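Student: I'd like to learn how to read a few features off a model. Can we walk through one together?

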Amino acid sequence: MPSLYQPKPGVCMADAIEIINVVKRFGTTTALQSLTLSIADNEFFTLLGPSGCGKTTLLRMIAGFEGVSAGEIRLFGQNIATLPPDRRPVNTVFQHYALFPHMPVIDNVAFGLKMKGVDLATRRARAGRMLEMVHLSAFADRLPAQLSGGQQQRVALARALAPEPRVLLLDEPLSALDLKLRQAMRIELKQLQQDTGITFIFVTHDQEEALTMSDRIAVMSAGRLQQVGTARDIYEAPLNRFVADFIGETNLLEVDVPRVEAGQASVTLPGGVGITCPAASDSPGRHTLSIRPERLSLSPDGPLKARLERVVYLGTDLHLMTRLADGTALVVRTQNSSRLPPPVEGSEVSIAIEEGAARLLAD
């Protein structure tokens, strides 16, 4: 399906959203601290962070449900910080779908168009097209109570898409669904975004959701941006301890760094093993080293010697909880396979480090 928002030939589209030095205060509490961020047109952009980090507050400010204490919010170059919600060409899909229980699905989807004064024939035709897009045409005459949770979620999406907003805001819309349905809806959401060409801004605290759907991710903590980048950037090259620890699993080791040259640090691991690794900090001293568990493996000639304390069975993977001679804990993640003998708890093991696996963080 072609994009609903094709730019005119020869016209260069601006960023969809620009957040410029935005501050949000609630009384004496500062929820967002001088935040600056650009979100591109036709981008699936995710705000990721723990509860209370400010991601939903930022989303509500873009929607117009919260005012701006300082700074600017621009939509395609226009300052919208003072515009009321109904004058912003954005729509929001909430965690709780808020469908009208007395209206059939087709009327729920067409409701926003009705409020905009669109004639009956046009709004029903467009609502029908939206239901076709979310694979619910056969359910047009049903009431919301007759639908499953996943179907209700798709109705809410169709309703938000029907007025053809330039930006769609999604506030943890998958959190109420079970695991299998969440996984299926991730694929559908990404496909919808690509089909419509609408900029999606998605809020979640679920790292897997962010990694699997997003063109780019902004990791937030305590009202500040910690890092912005692609899923691969965020996972493979975290800037600091918070990002490394929040995104996926990692081993964090405290190490002394004698020197950093041309972005590479020489580091001595526990047990006297020396390695060279990429560094997010250019200063020597005490730093934190991050090594993802899947970048470690058991190998007869591995340089790190450890005792295997526990084997955690996770179906597709095994988590091997090991401890080096100096007491340092290391988690090794390996694929579950019947071709390999199962590791024995209490045995002595040797651990190999994949080249380039370690990264020195800017704490």
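**A buried charge**

Student: Which salt bridge partner does a buried residue like Glu172 have, or what is its nearest side chain of opposite charge?

Tutor: Buried means under 20% relative accessible area, exposed over 50%, partly exposed in between (1.4 Å probe, protein chains only). A salt bridge puts a side-chain nitrogen of Lys or Arg within 4 Å of a carboxyl oxygen of Asp or Glu; Lys and Arg count as positive, Asp and Glu as negative, while His and the chain ends are not counted. Here Glu172 is buried but has no salt bridge, with Lys55 the nearest side chain of opposite charge at 4.5 Å. This is a predicted model, where local features need pLDDT of at least 70, side-chain atom pairs count only at pLDDT 80 or more, and totals for chains, interfaces and linings use all residues. Residues are numbered from 1 along each chain as its sequence is written, and side-chain values use heavy atoms, leaving out hydrogens and water.

Student: What does the side chain of Glu172 make a polar contact with?

Tutor: A polar contact is a pair of N or O atoms within 3.5 Å; within protein, one must be able to donate a hydrogen and the other to accept it, and residues adjacent in sequence count only if both atoms are side-chain atoms. For Glu172, that's the side chain of His205, at 2.9 Å.

Student: Where does Glu172 sit?

Tutor: Helices (H or I, at least four residues) and strands (E, at least two) are DSSP runs, numbered from the N terminus. Glu172 is in the loop between strand S7 (167–171) and helix H5 (179–196).

Student: How many residues has the largest nonpolar core?

Tutor: Such a core joins buried Ala, Val, Leu, Ile, Met, Phe, Trp, Tyr and Cys residues through side-chain atoms within 4.5 Å. The largest has 37, and Val109, Leu131, Leu168 and Leu189 have the most contacts inside it. Both S7 and H5 are among the elements giving it two or more residues, and H4 gives the most, six.
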